[in-house]
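I wrote down each entry as I went.

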Amino acid sequence: MSQLTLDKIQIGIIGLGYVGLPLAVEFGKYRSVVGFDINQARIAELKAGEDSTLEVTSEELLSATHLSFSSELEALRPCNVYIVTVPTPINGQKQPDLTPLIRASETLGQVVSKGDIVIYESTVYPGATEEDCIPVIESISGLTYNQDFFAGYSPERINPGDKVHRVTTIKKVTSGSTPEIADLVDALYGEIITAGTHKASSIRVAEAAKVIENTQRDLNYRLGERAGDYFQ
């Protein structure tokens with residue numbers, strides 16, 4: 001069982017795209033956050049108070065007074081909760097490419113310590129977190145899952161470019177690898193999600209929830225396209 005408590009959490013966010021940056025900014029208003037990205041140009045622009053994705057404003061960046069940015073691995077070492085927000089692209093066979101997730105897990109394997117928690121937000125199929133990502137961290141760190149370190153999954157629900165439905169105003173699904181970790185992960189997100197959270201019964205259930213949401217979104221989009229064709 002992790003001895004980590006809510007008041008001692010220091011967050012590292014891996015990946016500062018349209019998902020990771022808004023999350024880093026919101027958490028960075030209240031607690032210590034390191035925003036990490038391997039793209040040095042991205043880090044440079046964020047340090048300059050600019051966001052080329054236009055997901056957050058310069059004023060919002062300035063409001064996150066506890067947020068720092070780095071592309072250096074050592075900057076992550078003081079953290080004890082890591083949130084992975086890297087993309088999950090589709091390959092030529094229209095299957096999810098887990099390469100960014102595996103590389104992020106390799107990075108975390110070098111810095112994760114006993115008692116730490118790794119939370120994944122990237123879109124994956126049910127089982128991917130514990131079957132594909134966690135073993136990478138175990139292999140590199142030499143630590144044992146659910147004994148030395150723990151995990152959570154909270155699927156991202158960001159709609160890029162939407163200035164009304166933001167990260168804080170969309171209900172968040174959370175989960176953890178043990179009941180105690182699930183409670184802690186849920187409480188952590190509850191600090192910033194004004195729309196509230198829903199604690200899933202397991203990581204796999206939370207992963208499935210994201211798949212269902214994406215399927216519904218895709219079906220609605222395709223039905224809308226067909227309706228448009230019909231009424232033309």
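The entries below cover the backbone angles and then the cavity search.

Before starting, I noted that this is a predicted model, in which local features need pLDDT of at least 70 and side-chain atom pairs count only at pLDDT 80 or more, while totals for chains, interfaces and linings use all residues. Residues are numbered from 1 along each chain as its sequence is written, and side-chain values use heavy atoms, with hydrogens and water left out.

**Backbone angles.** I kept in mind that most residues other than glycine have a negative phi. I then looked up L54, which is not a glycine and yet has a positive phi of about 65°. I found L54 in the loop between α2 (40–47) and α3 (58–63), where helices (H or I, at least four residues) and strands (E, at least two) are DSSP runs numbered from the N terminus. L54 is exposed, with a relative accessible area of 60%; buried means under 20%, exposed over 50% and partly exposed in between, using a 1.4 Å probe and protein chains only.

I also looked up N146, another non-glycine residue with a positive phi of about 65°. N146 sits in the loop between α5 (128–141) and β6 (150–153), and I recorded N146 as partly exposed, at 30% relative accessibility.

**Cavity search.** I searched the whole structure and noted 1 cavity of 30 Å³ or more, a cavity being a set of points on a 1 Å grid over the protein atoms alone where a 1.4 Å probe fits but cannot get out. The largest cavity has a volume of about 60 Å³, and its lining residues (those with an atom within 4 Å of a point) include V19, L23, E121 and R157.

Terms used. 1 Å grid on protein atoms, 1.4 Å probe; cavity = no way out; pocket = protein on both sides within 12 Å on 5 of 7 lines; lining within 4 Å. Points joined across faces, edges and corners; volume = space filled by probe spheres on them.
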